[in-house]
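Open the structure in your viewer and keep the selection panel at hand. The stops below go from the whole chain to one residue.

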Amino acid sequence: MSIQPLLDALDLQEDAARALADDLRGQIQELQGRLRDAETQLEHLAITRRTVTALADRLPAQTTPPEHPDYPRIIALFNEAAGPLRARDVCGALGHEPLPKNIEGTRAKLKRLVKLDVLIEVDAGSFTKKQ
């Protein structure tokens with residue numbers, strides 16, 4: 001009995017396994033290149049995030065008031081005021097009746113302007129223009 005047919009079958013299997021291994025090595029090299037590119041991109045994005053965050057800390061706060069006809073008038077009042085104003089004073093200067101609902105609405109607008117860094121609340125309920 002000859003073992004040659006068995007050796008020929010082994011040769012075929014070895015050739016197939018070698019071809020598969022070579023193909024897989026090629027895929028691994030391609031994937032390693034793609035992985036390096038992705039890691040480089042991640043590093044660049046991390047640097048960009050740190051840069052943007054550092055720059056954002058240096059930017060002044062947004063000072064654009066919400067769109068409502070009272071806001072420009074309120075800011076004009078504080079530009080002309082010699083000292084702090086209370087919500088009741090601002091409400092009256094805007095021509096609104098000094099009713100609790102109007103005063104509270106004005107107070108809410110003044111508080112929004114404080115959050116926007118346009119005004120400061122010097123005492124409880126007393127507001128002035130931020131210098």
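How far apart are the mean positions of the positive and negative charges of the chain? The mean positions of the 18 positive and 20 negative charges are 16 Å apart. Lys and Arg count as positive, Asp and Glu as negative, while His and the chain ends are not counted; each charge is placed at NZ of Lys, CZ of Arg, CG of Asp or CD of Glu.

This is a predicted model, in which local features need pLDDT of at least 70 and side-chain atom pairs pLDDT 80 or more, while totals for chains, interfaces and linings use all residues. Residues are numbered from 1 along each chain as its sequence is written, and side-chain values use heavy atoms, without hydrogens and water.

Next, colour by secondary structure. The chain has four helices and three strands, in the order α-α-β-α-α-β-β. These are DSSP runs numbered from the N terminus: helices are H or I with at least four residues, strands E with at least two.

Zoom out. The C-alpha trace spans about 115 × 30 × 25 Å along its principal axes.

Now select Ile74, Phe78, Val90, Leu110, Leu113, Val118 and Leu119. Of the 16 residues in the largest nonpolar core, these touch the most other members. Such a core is a set of buried Ala, Val, Leu, Ile, Met, Phe, Trp, Tyr and Cys residues joined through side-chain atoms within 4.5 Å; buried means under 20% relative accessible area with a 1.4 Å probe, counting protein chains only. The largest share, four residues, comes from α2.

Finally, select Val90. Not counting residues up to four places away in sequence, Val90 touches Ile74, Leu77, Phe78, Leu85, Thr106 and Leu110, a contact being heavy atoms within 4.5 Å.

Key: Buried < 20%, exposed > 50% of the residue type's maximum accessible area, 1.4 Å probe, protein only.
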